[in-house]
Amino acid sequence: MIIQNYEELAISEKKIDCLKILEEGLKAADPENIIPKFVTPEEIKINGKIIKLNKFSGIYTVAFGKAGDSMTRALNAIIPIKNGIIVIPKGSKSKIKGKKFQIFNSGHPKPDQTSVKAAKEVIKFLQNRREGELVIYLVSGGGSSLLAIPDDITLDDKIYVTNLLLKSGSTIQEFNCIRKHLSKIKGGRLVENTKCQGIGLVMSDVEGDDLSSIASGTTYMDNTTFLEALNIINKYKLKNKIPLEILQRLEDGFKGKIPETPKKALIENYIIANNKNCLDAMELKAKELGYKTKTIQIFGNIKDATQKIIENISDEQKTCLIFGGEPTVEVIGKGTGGRNQELVLRILKNAQNMKKIAIASVGTDGIDGNSLFAGAIIENIKIDESIIKEFLKNSDSARFFQKQKCNIRTDFTHTNLMDIGIILK
């Protein structure tokens, strides 16, 4: 089981069904169930394109993101990789070992010195690749902070800005627009001067599978500008909080004193999995358990996402509303929690007058916000609304669910296809 505390949580029929459906969604996000759909020992076949592998003198991998190690392991089980680099979050124990893979555990969601060291090693590794060789880039969400080389700013300034953006309620696209314009490698710059052939296999953790946003488009290109980065800073009223060196760099870029990020991709990048993979697997399981299903995706402000979910709960019995996506949260308190636990708490607050339902939501990466949990599961028990409001005001959803013994624990799942959740009635 991916859900480690399944037995503790499975205390009612509704919760058991909830957990079974969530488990299917999490399994669908495992690269071992994804990579073999596109890769055989002879070829990579994707979107009508076929790459014959026997024509290359050597096949190498550069994997970065929360699924970096599990993607490498799944690929290495099919084709002989000469060697490669894997960059995954600190605290995540690599699923693949061996002398041919150099493994880095970097900072996430904020970059650190290891993020810089890993990026420099990747650049050196790519400089040593020659014509006739193939590098397969295995890209997943989280890559933006795991590989980092700040451009004409300090790492401390980059970390400071990351902190501001994490708490601002900005979308991942907005966040990454700024990151790309402060980096030497993001927005396609990593692959600018390579001599070998390359292909990117990408697991999407962003709305619309925007390749320029996933891991900040490191192996792709950038469709945003310095002006957009400045507009985002103004939108979230961050101008007076951002270090002057960063504002100066963005303004110099806007004035044309610094070259824009690449606007054309130099290698092919392909989405091999997204949030829908999880939702489809959950829908199949729910139907197998006898539920009528409806599936929606949620993005944008968490209050709007909560409202959309409430509006889509059916009046009928034996129904399952499946939802996925990634709402944004503005952190206003100093508590512990994340998007998923806050979403479940907000739904609970809004569903106090409904007939009994079960509510659950988890991050497919297994780590929800600044907590040690993946998410939460609860039936709509009666709770004083003022108590819920207090926990929300303190951004302290994880502690609320700890008191109820309702946190879902998975530890690092070594994947990342956004968030998944359900309402069972």
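## Ground rules

This is a predicted model, where local features need pLDDT of at least 70 and side-chain atom pairs count only at pLDDT 80 or more, while totals for chains, interfaces and linings use all residues. Residues are numbered from 1 along each chain as its sequence is written, and side-chain values use heavy atoms, with hydrogens and water left out.

Helix and strand labels follow DSSP runs, numbered from the N terminus: helices are H or I with at least four residues, strands are E with at least two.

## α7 against α8

Let's start with helix α7 (residues 172–180) and helix α8 (residues 226–235), whose axes come within 9 Å and cross at roughly 125 degrees. That angle makes α7 oblique to α8. (Under 35 degrees counts as roughly parallel, over 145 as roughly antiparallel, 65 to 115 as roughly perpendicular, and the rest as oblique.) Axes here are lines fitted to C-alpha atoms, for helices over the stretch in contact, with angles running from 0 to 180 degrees between N-to-C directions.

On the α7 side, E174, C177 and I178 meet E228, A229, I232, I233 and K235 of α8; contact means heavy atoms within 4.5 Å. Sorted by class, this contact has 5 nonpolar, no polar and 3 charged residues. (Ala, Val, Leu, Ile, Met, Phe, Trp, Tyr, Cys and Pro count as nonpolar, Asp, Glu, Lys and Arg as charged, and the others, Gly among them, as polar.)

## How enclosed is α7?

Because 7 of its 9 residues are buried, α7 is largely enclosed by the rest of the structure. Buried means under 20% relative accessible area, exposed means over 50%, and partly exposed is in between (1.4 Å probe, protein chains only). The buried residues are E174, F175, N176, C177, I178, R179 and K180, and C177 has a relative accessibility of 2%. They pack against α5 (143–146), α6 (155–168) and α8.

## α8 against α9

α8 also packs with helix α9 (residues 244–254), at an angle of about 140 degrees and with the axes 8 Å apart. These two helices are therefore oblique to each other. From α8, F226, L227, A229, L230 and I233 meet L247, R249, L250, E251, G253 and F254 of α9. That contact divides into 8 nonpolar, 1 polar and 2 charged residues.

Most residues other than glycine have a negative phi, and most peptide bonds are trans. A cis peptide bond joins H108 and P109, with omega at about 5 degrees. P109 sits in the loop between β5 (101–106) and α4 (113–127).

Two non-glycine residues with positive phi are also worth a look. D209 has a phi near 50 degrees and is found in the loop between β7 (197–203) and α8; at 24% relative accessibility, D209 counts as partly exposed. K318 has a phi of about 55 degrees and lies in the loop between α11 (302–311) and β10 (319–328). At 35% relative accessibility, K318 is partly exposed too.

## Cysteines

How many disulfides turn up in a search of the whole structure? The count is 0, taking a disulfide as a pair of cysteine sulfur atoms within 2.5 Å. For C18, the nearest cysteine sulfur is that of C320, 7.2 Å away. C18 is buried, with a relative accessible area of 0%.
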